[in-house]
Amino acid sequence: MEKSKSHAVPLSEKQFELLERLSNFGCGQGIQPAAASITALLMISDKTELTFDEIRETLNLSKSATSNGINQLLIAERIGFITRTGDRKRYFKSNVASWKESFGSQFQSLSKFCALLNEIKEIRTDNTTEFNSSIEDLYSFITYFLEEIPKIYQKWETKRLENI
């Protein structure tokens, strides 16, 4: 019987250690373990595009866990995939290169949340002053944050362009 070819991606000890730490960080941020490991692998692997089998075998995940993790990440737009002419496989890659768009989406989401907080403030009873104050503080902070982020981004962009 012929032994099947391994699709595992070779990782150095340092890469594997970083993969573990990055996976644990992702889990701490509420990402499911398999999805956190997949995200970490796609960021630390020397290969920037990995097949389903490469991901599964490198991380020693079941087919189900790999599939579920990939699907979660695709829905959240944390990863994407490409196909190659004549090859039926999908090659998954991190969306870290499109971080600006991702941040833009998150800021839009925060802006919508802020509008909802404003509506909540308007309908709250006056009998819960401490709770109302917390909502006001959150609203105030998010509003301030959304005003300041474009300024911070512009400073960073200017500095980045100076260093090129």
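**View 1. The largest pocket of this predicted model has a volume of about 740 Å³.** Closest to its centre, among 21 lining residues, are Thr39, Glu77, Arg78, Ser102 and Gln106. A pocket is an open set of points on a 1 Å grid over the protein atoms alone where a 1.4 Å probe fits, with protein on both sides within 12 Å along at least five of seven lines, and lining residues have an atom within 4 Å of a point. The volume is the space filled by probe spheres set on the points, which are joined across faces, edges and corners. Helix 5 contributes the largest share of this lining, 6 residues; helices are DSSP runs (H or I, at least four residues) numbered from the N terminus.

**View 2. The second largest pocket has a volume of about 230 Å³.** Its lining consists of Trp99, Lys100, Phe103, Gly104, Phe107, Ile149, Ile152, Tyr153 and Trp156. Helix 5 gives the most, with 5 residues, and helix 6 supplies at least two.

**View 3. Phe103 lies in helix 5.** Phe103 counts as partly exposed because its relative accessibility is 40%, between the limits for buried (under 20%) and exposed (over 50%), with a 1.4 Å probe and protein chains only.

**Notes.** Residues are numbered from 1 along each chain as its sequence is written, and side-chain values use heavy atoms, with hydrogens and water left out. In this predicted model, local features need pLDDT of at least 70 and side-chain atom pairs count only at pLDDT 80 or more, whereas totals for chains, interfaces and linings use all residues.
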